[in-house]
Amino acid sequence: MIIDQYLKENKKIQKAILDYLDDNTDIEEKYAYLKNTIYEIKIRSNQYEIKSLLYLILKISNNHQRKNDFLSKIQQVLLLFKEEMKNYFTNSELFHIFKSNKRLLLFLLEENIMIMEEDIVKQIVNNQKYIIMNYPQYFIPEIRPYIDEEWFPKDENTYYLNNNQKYIISHEIKQEIPEDYYEKRRIGENDNQICKLIREDLVKEFIVYVNQNSYSLKSTINRSIYETNSFFLKKYETTLIEYAAFYGSIQIFNYLRLNDVEVGGSLWIYAIHSQNAEIIHF
């Protein structure tokens with residue numbers, strides 16, 4: 001009975017969160033219902049239930065389709081547990097929970113819920129997993145104060161990634177921060193122009209761009225330090241048609257397939273994520 005009650009309560013919270021995220025009508029009413037649901041179930045005083053809920057929010061953030069207001073809504077959900085996160089968990093524990101989502105880590109830092117302490121920085125600059133996903137470059141302002149520490153990678157510490165691209169962490173961190181850096185990392189999307197065109201499904205502009213730049217329709221997308229979607233962080237190469245399927249950009253998707261770009265089985269996961277019925281049906 002205890003397990004049944006626990007599952008019932010968690011399903012109720014999950015449904016309340018998804019209703020708030022997915023529906024653009026009666027937003028305030030659905031947010032109020034979510035708050036009341038959390039209050040009724042009384043999980044705030046239980047550290048382990050809070051932790052379980054944070055993992056649920058993380059999984060939704062990593063896998064759910066991002067609409068225009070998705071990130072802001074997720075942040076509003078997390079703010080419901082701001083004091084609990086600060087009281088129940090250390091900085092390292094919060095990093096461990098949210099380590100797979102750069103964008104949520106940034107939010108925790110901006111809200112002073114978490115601090116980028118030394119042990120966390122050591123993990124980011126010395127673990128190839130985080131280096132491949134551009135964590136050091138994404139968190140330059142928070143990492144830079146530690147650059148003179150003895151343990152920080154020096155200029156002679158070179159990392160070679162999957163395509164033999166060379167990274168020297170200390171050199172990367174010392175680089176001048178671009179003016180639009182803070183805005184771009186809050187957006188959390190690939191900032192390459194072709195990616196912007198695909199996300200907005202601007203097929204005419206897309207055709208002009210690829211023709212003017214002799215851009216192969218079968219090529220892969222250049223990685224960006226601002227990318228925070230776990231789909232693209234885990235996969236080193238993403239094709240144009242995979243990117244179009246992911247965002248449900250049906251006009252560009254159709255243009256690519258009609259120009260003999262291969263449509264393989266790997267597109268399923270991207271198509272399902274888009275929730276675009278026409279792409280899924282195809």
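**Salt bridges, pockets and surface**

Q: How many salt bridges does a search of the whole structure find?
A: The model is a predicted one. Side chains of opposite charge can pair when their charged atoms come close. A search of the whole structure for such salt bridges gives a total of twelve.

Q: Is Lys-15 buried or exposed?
A: The relative accessible area of Lys-15 is 53%. Exposed means over 50%. Asp-19, at 30%, is partly exposed, whereas Lys-15 counts as exposed.

Q: How many residues apart are Arg-186 and Glu-110?
A: Arg-186 forms a salt bridge with Glu-110, with 2.8 Å between the closest N and O atoms. This pair links distant parts of the chain, since Arg-186 is in helix H13 and Glu-110 is in helix H7 (residues 102-110).

Q: Which residues are linked with Asp-180 in a network of salt bridges?
A: The side chains of Asp-191 and Lys-184 meet in a salt bridge, at 3.0 Å from N to O. Asp-191 counts as partly exposed, with 22% relative accessibility. The network that includes Asp-180 also holds Lys-184 and Asp-191.

Q: Which elements give two or more residues to the lining of the largest pocket?
A: The largest pocket has a volume of about 600 Å³. Of the 21 residues that line this pocket, the closest to its centre are Asn-68, Ile-187, Glu-189, Arg-199 and Tyr-247. The elements that give two or more residues to the lining are helix H4 (70-79), helix H13 (181-187) and helix H14 (193-199).

Q: How many charged residues are in the lining of the largest pocket?
A: By class, this lining has five nonpolar and six polar residues. The number of charged residues in the lining is ten.

Q: How much space lies in the largest cavity?
A: The structure holds two cavities of 30 Å³ or more. The largest cavity is lined by 14 residues, with Asn-190, Asn-222, Arg-223, Glu-227 and Phe-232 nearest its centre. This lining divides into five nonpolar, five polar and four charged residues. The space in the largest cavity is about 120 Å³.

Q: Which element gives the most to the lining of the second largest cavity?
A: The second largest cavity has a volume of about 50 Å³. Its lining includes Tyr-6, Ile-41 and Leu-53, and divides into five nonpolar, one polar and two charged residues. With four residues, the element that gives the most is H1.

Q: What is the accessible area of the nonpolar patch formed by Ile-3, Tyr-6 and Leu-7?
A: Leu-7 is found in helix H1 (residues 2-22). The relative accessible area of Leu-7 is 42%, so this residue is partly exposed and passes the requirement of over 30% for a patch. Together, Ile-3, Tyr-6 and Leu-7 have an accessible area of about 290 Å².

Conventions:
Residues numbered from 1 in each chain as written. Predicted model: local features only at pLDDT ≥ 70, side-chain atom pairs only at ≥ 80, totals over all residues. Heavy atoms only, no water. 1 Å grid on protein atoms, 1.4 Å probe; cavity = no way out; pocket = protein on both sides within 12 Å on 5 of 7 lines; lining within 4 Å. Points joined across faces, edges and corners; volume = space filled by probe spheres on them. Nonpolar A, V, L, I, M, F, W, Y, C, P; charged D, E, K, R; others polar. Patch = residues over 30% accessible without salt bridge, like charges linked within 9 Å, V, L, I, M, F, W, Y side chains within 5 Å. Areas by Shrake-Rupley, 256 points an atom, 1.4 Å probe, with all protein chains shown as cover. Salt bridge = Lys/Arg side-chain N within 4 Å of Asp/Glu carboxyl O. Buried < 20%, exposed > 50% of the residue type's maximum accessible area, 1.4 Å probe, protein only.
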